[in-house]
Amino acid sequence: MISQLFGAVMLIYLCVAIFFLMAELWSSDRLRAAARFLLWLGLGVQTAALLGRWWQSYHLALGHNPAAAFSEKLRLIILQAPVSNFYDSLIFFAWCLPILGLIAFRRYFKGYLGALLAVLSTLLLAYASLGGVDSRIKPLMPALKSNWLLIHVVTCFLGYSAFALAFGVAILYLLQDRRPRPSLPAPPILDGLIYRATILGFLLLTLGIFTGAVWAETAWGRYWSWDPKETWSLITWLIYAALLHARLLKGWHGRRIAWLAVLGFMAVLFTYFGVSFLLSGLHSYLT
Amino acid sequence: MPGPHLQSKPKSWLWGTLTSIRLTVFLLLILAALAVIGTVLPQNQPPGMYAARFGPVWGELLWRAGFTNVYFSPWFLAPICLLALNILACVVHGLPQAARRATTRLTPEAALGLPERGRITWGPRDDPHPRITAALGRELGRFQQESHRDKEIYFGERGRFRPLGPYLIHLALLLILAGGLIGKFWGVDGQLPLDQGATADAFRVDSQTVPLNFQVRLDKFQVTYYDQGSTPKEFRSDMTFLKDGREVSRAVCRVNEPVSFGGYTFYQASYGAQATGPIRLQVTLGDLKQTLEVPFRQLVDLPGGHGRIIAMQVNGNFQGFGPAVLLAFARGGHPQAFWALQDHPALGEQPGPYRFTVEAIPLGYYSVFQVKHDPGVGWVYAGFLLFLPGFYLAFFRPAERWALVLEKTSQGKWQGRLLGAVPATARNSPPARNGSWRP
């Protein structure tokens, strides 16, 4: 039932993308308003579905570990947040993207940029719903039973989303740079947006790496073990660190920064998908 | 050319290179590229594996050049050390000035020297003071007021400590690297396998034995499963720590809940089961039915003489189906291995002609702990904690200095001149609110 809801949200986001695109092409305010409305609708349904999944997962766990005291229940609620497998992570990523977009760049979440972000969310949900990903809620393995799970996943995926925003703006920048459209934000504004999203993503990715390190120290006794996921998150971190240094200290702007943001997002995608499927390790979703 | 000049030139070249941002970006990208190698090329495998996969020449080359353990090879460590030097040099180079700027408060004299941003005039009968006070209070929070001969100066600043932010970030990174180094040199990381009921007073690091100045006993190891399934719910080791044979403390070690004692931390790393006595099997061959005691890992002749059997491995919960034993049956040719399940005798293929049913497996669990002492962890965590205020100051706290100079003009009107400085980046591109961090 809940996974069908995510399927519906996928269709809504697809409509959002189409409406934003049409609104831009025909410069229609009515279509833009409709896209905005659909975006909020999709977000509302997705939030409800996420909470529903959380509730289900909590009740499943309650069956395994009857908890009486409030503190035990609270711990179980935190542990059972729907962020523990690949399916969960896909739908959570698809939720973080529009949320962060609306918080960070409310004014610019429209037109091509809005369409691009909606398409990214649609693709993530499509993969979750149609890609043969196991959507069953499973009891937690001992290694995942940690209070760090929630904060680690939330910071990492918010970070990924911020980098996705930077990527979206960078694509828009490169388009604008080639053939400017007066209806879209001017390149200097886009340049500033790339920078802002990158700072946000860098902070969140750093927090994600730190929380992961503290967790690994309590779970495995090693805050860093050169696991492929860890290493790729470090590679991503290094690329964005290079971007920030190039911009702040070498005065790089515009196209070069946009290309670095694109490269960084490729590293993000590899950290998320590539490592899980092509390389084996502690974070591999296949085992 | 005089001597001192010759001497100072190479030093300044070295210093200039070490503090250059070009070096930083180069090192960051080099490290990223090298890190990729380590994730694509399987690490720490025996040399034979590389020879089989990449051919004898390339395999040997990769192995000898250190690419099969790249994160601990000079290829990786040298750029890391250089990066640490680079960061250190930049901190030494810029921190004094940043500290000076952070400790210099905005004075009225300095405020008067800020560039002008706009002018406002009020009529002679208006009293601008309350409006200015309200507006500045709203925009700046705190501000000061001072009278200078015929002028009144309102001035205030925000983000005075911002120049320190980048240095805190980079000091945090140095702390993390230092923590890693300290752990490498002064830390111990080993393994301790313990049978249920056994006591140990030493653990293994690689192939060496490291003594503990206390004893540790595994009272009990338990693994529980969700609903009799194969997903483990909990690995739990009940341990007792002893000093000179006397019990000092008891603890429960689980995954994610390590136990510390006597300067070492014990992590639940792995577990296993072994047979503590002979395994009782019922052997059926046609009408023949006989109970056989099979000692663990010893070849036993089967009744009827049609082959021999050995119990190779036991498992407390084989794929969620309960206790099982891995048997190997040999009848002249190649031995055939199969699992026999105690609770599900019908499950699983058996080679024949015999049929084996498990009557009893005397199981004893053992638990494997990771034993660790790492004095560097505190440094690493200190680095994590220092990073956050540094990042806040550097990126979320733009430095701003504002002043409003109020004067009476010759016509008796009030004139306010707004002076101010905001970071360079904030002026170039409207949405960004941060400046470059180097003065």
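Hi everyone, let me start in chain B, where six bridges join strand S15 of chain B to strand S16 (residues 336-341) of chain B, and the two run antiparallel. Strands here are DSSP runs of E with at least two residues, helices are runs of H or I with at least four, and both are numbered from the N terminus. Two strands pair if DSSP finds at least two bridges between them.

A quick note on the source: this is a predicted model, where local features need pLDDT of at least 70 and side-chain atom pairs count only at pLDDT 80 or more, while totals for chains, interfaces and linings use all residues. Residues are numbered from 1 along each chain as its sequence is written, and chains are lettered from A and ligands numbered from 1 in the order in which they are written.

Back to our strands. B:Ala324 stands opposite B:Leu341 in S16(B). The hairpin of S15(B) and S16(B) has five residues between the strands, and there B:Gly332 takes a positive phi near 80°. S15(B), residues 324-330, also pairs in the antiparallel sense with strand S14 (residues 308-315) of chain B, over seven bridges. In that part of the chain, B:Gln313 faces B:Leu326 of S15(B).

Next, the open sheet. Chain B has one of five strands in the order S1-S20-S19-S3-S2, with antiparallel pairing. Which strands are the edge strands? They are S1 (116-122) and S2 (144-148) of chain B, each pairing on one side only. From one strand to the next, the twist averages 20°. S2(B) is joined to S3 (residues 151-158) of chain B by five bridges, and B:Gln144 has B:Phe155 in S3(B) as its bridge partner. Lying across S3, S19 (400-408) and S20 (414-421) of chain B is helix H6 (residues 129-140) of chain B, which runs at about 15° to S3(B). For angles, axes are lines fitted to C-alpha atoms, for helices over the stretch in contact, and values run from 0 to 180 degrees between N-to-C directions.

On to domains, whose bounds come from an automatic or database domain assignment. For chain B, that assignment gives domain 1 (3-90), domain 2 (104-162 + 398-428), domain 3 (186-272 + 367-382) and domain 4 (279-362). The centres of domains 3 and 4 of chain B, taken over C-alpha atoms, are 34 Å apart. Five residues of domain 3 of chain B are in contact with four of domain 4 of chain B; contact means C-beta atoms, placed from the backbone, within 7 Å.

Now the two chains together. Their contact takes 39 residues from chain B and 41 from chain A. On the chain B side, the largest share, eleven residues, comes from helix H2 (21-40) of chain B. By class, that side has 25 nonpolar, nine polar and five charged residues. Here Ala, Val, Leu, Ile, Met, Phe, Trp, Tyr, Cys and Pro count as nonpolar, Asp, Glu, Lys and Arg as charged, and the others, Gly among them, as polar.

Last stop, chain A. How do helix H8 (residues 228-250) and helix H9 (residues 255-278) of chain A pack? Their angle is about 170°, with the axes 9 Å apart. H8(A) and H9(A) are therefore roughly antiparallel, a label for angles over 145 degrees, with under 35 roughly parallel, 65 to 115 roughly perpendicular and the rest oblique. The residues of this contact divide into 15 nonpolar, four polar and two charged.

Note on methods. Two residues are in contact if their C-beta atoms, placed from the backbone, lie within 7 Å.
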